[in-house]
Amino acid sequence: MTTQTTTALRTHSCGVLRTSDVGAAVRLAGWVDSNREHGEGLVFIDLRDRAGLTQLVFELESTTSEMVDPARKLRGEDVIAVEGVVRERLGGKNPRLETGDIEVVVQKLTILNKAESLPMRPTDKEGLPGEETRLRHRHIDLRRPRMQQILRTRHRVGQIMRAFLDNRGFSEIETPILFKTTPEGARDFLVPSRHHPGMFYALPQSPQILKQILMISGMDRYFQIVKCFRDEDLRADRQPEFTQLDIEMSFIEQEDVIELMSELFREMWREILGVEVGDIPRMTYHEAMERFGSDRPDLRYGLELVDISDIAQKTDFKVFTGALEKGGVVKAIRVPGGAKLTRKITDGYAEFVKQFGAGGLPVTKIENGAFATGVARFVEPVQKELMERLDCEEGDLIAFGADTRAVACRSLGELRIRIARDMEMVPAHGEQWKFLWVVDFPLVAWNEDEKRWDSMHHPFTAPTAEDLEKLETDPGSVLANAYDIVLNGSELGGGSVRIHSSDVQKRVFRLLGLGEEEARMKFGFFLDCLRHGAPPHGGIALGLDRIIMHLCDTDNIRDVIAFPKTQSGMDAMAGAPSEADAKQLDELFIKSTWTGEKQPG
């Protein structure tokens with residue numbers, strides 16, 4: 001990166017000087033990265049700022065002892081400014097530094113701030129402290145070159161997004177952070193109103209309704225890089241506040257959104273990584289679940305799920321026949337070279353799949369051209385058919401799933417990911433970029449616990465035109481006009497064509513268990529908007545944090561956010577959330593019922 005920042009304290013940043021600058025008088029400022037003394041009259045200091053490092057030289061031949069002596073006492077992270085002259089580096093060049101051909105002979109030193117003893121060092125060269133320490137002292141952690149490179153990449157991606165959309169007629173429009181609580185699949189963060197006692201704003205889970213209203217208002221093409229908030233159960237790859245690129249377009253169909261976003265991803269990968277993405281393939285939700293057990297399949301390796309129900313029904317194995325008699329399926333995964341996995345490991349896999357509803361994990365291995373272990377004797381009668389169906393080879397492991405279609409697919413899908421990681425089948429980051437559009441999602445899914453239908457995406461997603469007539473009679477078969485963009489097993493974003501008819505929106509609300517009165521109370525303002533001339537419209541939201549994770553080769557979402565929350569939802573640096581004093585609560589007409597007896601949530 002080339003950075004030149006002229007101010008009263010500096011003429012150049014620390015990463016930009018080259019041999020073409022030899023002889024120039026310069027001013028630099030930054031942090032002391034290291035200090036090395038060579039004899040009584042020579043001190044070397046590496047000065048660092050966000051652009052890089054420059055070696056400073058303090059020598060009695062060029063300066064005075066009044067300057068060399070203070071230079072000796074400089075320590076890591078002291079903040080200084082210097083004036084000096086650029087010369088070719090003596091004693092050999094440093095190929096590890098972009099400024100390794102030159103050094104600056106210091107003629108004036110100003111100590112701007114002395115750093116006290118540090119709880120950690122901002123270096124990528126040594127082992128990092130634990131994440132808790134890094135987050136507690138984030139101001140130091142962010143000085144690390146790696147972290148600064150990530151934040152610069154995040155900035156560049158934002159600029160690419162803005163320029164790309166601006167060139168295509170989109171307007172960036174801000175939507176409110178304080179809004180109305182609406183059900184979108186997760187709990188809202190609520191903000192009490194001092195002026196309206198007993199009433200609350202909600203921090204938006206997304207600007208979904210507002211961007212649709214912008215389309216109804218005739219804005220035609222909207223985007224926003226926006227903060228969203230979801231009070232979800234804590235997970236390692238999620239944050240309670242996150243950033244997304246939010247997009248909405250009028251007078252479009254699904255194809256328009258997919259083509260536009262495909263072009264945006266091609267441009268981002270080309271500009272940031274120099275990689276040509278090419279055409280992005282598509283796969284239906286049904287195919288993804290059947291072949292990979294996931295609606296965000298990682299296509300970088302095989303281990304596909306194969307339906308063997310027709311073969312399994314020929315056996316006397318009750319695990320298979322029992323599942324089939326109940327209307328379920330039997331699926332299998334062939335693991336090349338999996339015969340080397342020990343019994344302890346496969347027993348561990350059996351326990352692993354139970355968390356996804358499976359009763360266990362029948363397995364067998366191929367040795368000397370035949371099934372040899374595990375459930376071999378139960379499937380021996382259909383051995384030839386199975387081996388042909390699965391393209392089996394010597395040394396393979398075969399793992400079976402026999403259950404309802406949903407459980408068999410999901411449990412084997414999760415197992416597929418686990419095995420690929422354990423057997424090092426997943427290519428290294430950057431070796432392969434397997435983008436995929438997943439389309440034709442079901443509109444709704446049955447919630448067995450609450451005995452009702454839930455939206456697969458959100459309640460404003462339009463059913464496909466050909467399935468609209470089945471909305472009340474066969475809702476489980478209705479397909480949504482929805483689409484997700486997936487990369488290497490990670491969902492980067494999702495969108496849909498929206499419902500633009502007030503009558504259809506009411507029908508979907510009824511299907512989801514929202515009666516007319518409740519729908520009116522929660523969404524009356526939006527239903528009124530739909531009644532006043534809503535154009536066909538649709539859009540997408542892309543997870544900016546996840547995109548940066550891929551571009552910067554990290555699997556930790558906290559690495560790509562300047563000031564993230566911990567896995568427990570805390571801000572370790574500032575100590576948030578924190579208690580509010582009694583006066584603040586009284587002004588808001590609220591009282592905490594927390595007793596301290598157990599952990600909330």
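**Close-up 1. Helices α14 and α15 pack at an angle of about 160° in this predicted model.** Here we're looking at residues 502-511 (α14) and 516-530 (α15), whose axes sit 10 Å apart. That angle is over 145°, so α14 counts as roughly antiparallel to α15. The crossing of α14 past α15 is right-handed. On the α14 side, the residues making contact are S502, Q505, K506 and F509, and they meet A519, F523, F526, L527 and L530 of α15. Sorted by class, that contact comes to 6 nonpolar, 2 polar and 1 charged residues.

**Close-up 2. Two cysteines, C392 and C552, are buried.** For C392, the nearest cysteine sulfur belongs to C409 and is 19 Å away. C392 has 14% relative accessibility, which is under 20%, so it counts as buried. C552 is buried too, with a relative accessible area of 3%.

**Close-up 3. The loop between α16 and α17 holds D553 and P577.** This loop runs between helix α16 (544-551) and helix α17 (582-587). D553 isn't a glycine, yet its phi is positive, near 55°. Its relative accessibility is 46%, so D553 counts as partly exposed. Further along, look for the cis peptide bond from A576 to P577, where omega is near 0°.

**Close-up 4. F589 sits in the segment after α17.** Here's another non-glycine residue with a positive phi: F589, at about 60°. With a relative accessible area of 54%, F589 is exposed.

Notes: Residues are numbered from 1 along each chain as its sequence is written. This is a predicted model: local features need pLDDT of at least 70, side-chain atom pairs count only at pLDDT 80 or more; totals for chains, interfaces and linings use all residues. Side-chain values use heavy atoms; hydrogens and water are left out. Axes are lines fitted to C-alpha atoms, for helices over the stretch in contact, and angles run from 0 to 180 degrees between N-to-C directions. Helices (H or I, at least four residues) and strands (E, at least two) are DSSP runs, numbered from the N terminus. Angles under 35 degrees count as roughly parallel, over 145 as roughly antiparallel, 65 to 115 as roughly perpendicular and the rest as oblique. A crossing is left-handed if the near helix is turned anticlockwise from the far one by less than a right angle, and right-handed if clockwise. Contact means heavy atoms within 4.5 Å. Ala, Val, Leu, Ile, Met, Phe, Trp, Tyr, Cys and Pro count as nonpolar, Asp, Glu, Lys and Arg as charged, and the others, Gly among them, as polar. A disulfide is a pair of cysteine sulfur atoms within 2.5 Å. Buried means under 20% relative accessible area, exposed over 50%, partly exposed in between (1.4 Å probe, protein chains only).
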